Amino acid sequence: MRNPLKHIIVSVTIGFLCLVGPKAAVSQISIGETAPGFMLQDLQGGSHKLADMQTHGLIVLYFFDTESQVSLEGMQYLDFLKKKYQTADLVVWGVSSGELARVEQFNTKHNPGFPILHDNQQVSQRYDAQFILPTVCII
């Protein structure tokens, strides 16, 4: 039996490399290192705490810039994967530290199939996702 999570990890990695090439970054957190914990709100006011996701098989944090075409393309690819692997134990969160009004406008226009979290607590900084966006962190 094939492991769908392993397939998703490979798909995410290869897809991003093909789609955005050297324009994207991968977080500097090392393999085996505990990901920095955080709790952020989505644009509807719901809370999302990373520690609550420990039981999930795969968590993808997608740090993006609302003004970047590359960020949009990466988000569309993640949305595609999320829909393709609906039964997989996959959690995807988009994270943006941009101006709240722009993040809300971006979310309304593109309506991804996963929560968009507004980073007002420097989570992006803790994940080395400040200067090169999009940055993908697979947990």
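Predicted model: local features only at pLDDT ≥ 70, side-chain atom pairs only at ≥ 80, totals over all residues.
W93 sits in strand β5, which covers residues 90-96. F38 also counts as buried, because its relative accessibility is 6%.

## Rings that meet

How many aromatic pairs does the structure hold? There are six. Take F38 and W93: their ring centres are 5.9 Å apart and their planes meet at 70°, so this pair is edge-to-face. The two come from distant parts of the chain, 55 residues apart, with F38 in the loop between β1 (25-26) and β2 (39-41) and W93 in β5. F38 and W93 also belong to one aromatic cluster, together with F63 and Y127.

Another pair, Y62 and F64, is stacked, with 10° between the planes and 6.1 Å from centre to centre. Are these two buried or exposed? Y62 has 0% relative accessibility, so it counts as buried. F64 comes in at 2%, so F64 counts as buried too.

## A buried charge without a partner

Now for D42, which you'll find in the loop between β2 and β3 (47-49). D42 is buried, yet it has no salt bridge. The nearest side chain of opposite charge belongs to K82, and that is 13 Å away. A salt bridge would need the charged atoms within 4 Å.

So what does the side chain of D42 reach? One answer is the backbone nitrogen of Q44, at 2.9 Å. The backbone nitrogen of G45 also lies 2.9 Å from a polar atom of the D42 side chain. Setting aside neighbours within four places in sequence, D42 is in contact with H48, P115, I116 and L117.

Helix α2 runs over residues 69-84, which makes 16 residues. From first C-alpha to last, α2 reaches 23 Å, close to the 22 Å expected at 1.5 Å a residue.

Which residues of α2 are buried? They are V70, S71, L72, G74, M75, L78, D79 and L81.

Key
Residues numbered from 1 in each chain as written. Heavy atoms only, no water. Helix = DSSP H or I, 4+ residues; strand = E, 2+ residues; numbered from the N terminus. Expected span 1.5 Å × (residues − 1). Buried < 20%, exposed > 50% of the residue type's maximum accessible area, 1.4 Å probe, protein only. Phe/Tyr/Trp six-rings, centres within 6.5 Å; stacked < 30°, edge-to-face > 60°. Lys, Arg positive; Asp, Glu negative; His and termini not counted. Polar contact = N/O pair within 3.5 Å; in protein donor to acceptor, adjacent residues only side chain to side chain. Contact = heavy atoms within 4.5 Å.
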